[in-house]
Amino acid sequence: MASARHPRRRVLGGMLAAGGALTVGTAAPASAGSRTDSTARPTVVLVHGVFADASGWSAVTARLLKAGFPVIAPANPLRDLAGDSAYVRSVIDTIPGPVILVGHSYGGEVITDAGRGHAGVKALVYVAAFAPDEGESALQLAGQFPGSRLQPALVGRPYPVPGGEPGLDGYIDPAKFHDVFAQDLPRSQTRVMATAQRPGSVGGLSGASGVPAWRTVPSWYVVATADRVIPAAAQRFMAERAGSRLVEAEGASHVVMMSRPDTVVRHIEAAYRATR
C-alpha cells in the first residue's frame, strides 16, 4: 500500500536500484565505438546570450543533430561573467572527447573565458557575439562603435542579492524588442520572445574578461550585417583581431542563429573540418 500511495518515491527508488548510484559532475566512461573514437564528431556546446535562452538555438540544434553532432545548449546563468564562465566550463568538464564552443552575443564573452586553457576545446565559433580581449567588457565593446539601438531600449529591474545591495537586471522594452533585437523575424514570434526574455545583470555585462581563449584556440565568426545590438563594425573588429575566419550574413539581425540557421551551421561545420 505504501508504494501505491507514493508512486514518485517508488520510481526514484527503482532508478537508484537499477543505476546503483547517481554520480554528479562526472562524465560517463566512454565505451568502444563511442564518440571518443577518432571518427566521432565533437560535441557542440551552444551558449546563449542576454535577452534570450537556449531555445534560440533550436533551428541550429536540429540541423546539427541531423548532421550527426552531439549537442548541448546549457542555460547560461546571466549573473556575472566569472560565474557564468565557470558554469559553462563545468559543463565542458563533463564531456568526453573534443568540443566546439559556440557563443551568441554575451555568450561569446562567456566562451572566451570558459574555453581558456581547456584541452577539450578545439574551436570557438562566435555568432554575432562579443569576443573581448583581456580587460574588456561587453558594455565597453558595445559602445565602442556607433549603430547600437540597445541602450535607449533597456528597462532596469532590481533583483535581490543575499547579504548585499540589490543587483540590476536589464530587459529590452517589449515595445522595442522586435526593432532592436530581431527585426528579421515575424512580429508574432518576437512578441512571444519579448515576454520570455532572460535578463542580464548589468554587473555581468560590465565584468572584465580574462585572457581570451582565442589567443590559443582557432576561431570562426558569423557577422550579422544588420545587427542593431552589436554593430557589424564592432563584430568585424573583434573577428579580425582574434584572427577568426569570418562569414557575413547579409541583412541578418542580432538573432542570426534563428533567422539564418543554415549559415551558422555551415560555419560550425567549417570549424569541425578544419580542426578534426
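Buried denotes under 20% relative accessible area, exposed over 50%, and partly exposed the range in between (1.4 Å probe, protein chains only). The model is predicted, so local features need pLDDT of at least 70 and side-chain atom pairs count only at pLDDT 80 or more, whereas totals for chains, interfaces and linings use all residues. Residues are numbered from 1 along each chain as its sequence is written, and side-chain values use heavy atoms, with hydrogens and water left out.

View 1. Strands (E, at least two residues) and helices (H or I, at least four) are DSSP runs, numbered from the N terminus. His104 counts as buried because its relative accessibility is 1%. Beyond its neighbours within four places in sequence, the contacts of His104 (heavy atoms within 4.5 Å) include His48, Trp57 and His254. Trp57 is 47 residues from His104 in sequence, with a C-alpha to C-alpha separation of 9.4 Å.

**View 2. The open sheet of 6 strands, ordered E2-E1-E3-E4-E8-E9 with parallel pairing.** Strands E2 (71-72) and E9 (245-249) form the edges, each pairing on one side only. Pairing requires at least two DSSP bridges between two strands.

**View 3. The salt bridge between the side chains of Arg63 and Asp262, at 2.6 Å, N to O.** Arg63 belongs to helix H3 and Asp262 to helix H13 (residues 261-275), 199 residues apart. A salt bridge places a side-chain nitrogen of Lys or Arg within 4 Å of a carboxyl oxygen of Asp or Glu. Arg63 is partly exposed at 33% relative accessibility, as is Asp262 at 40%.
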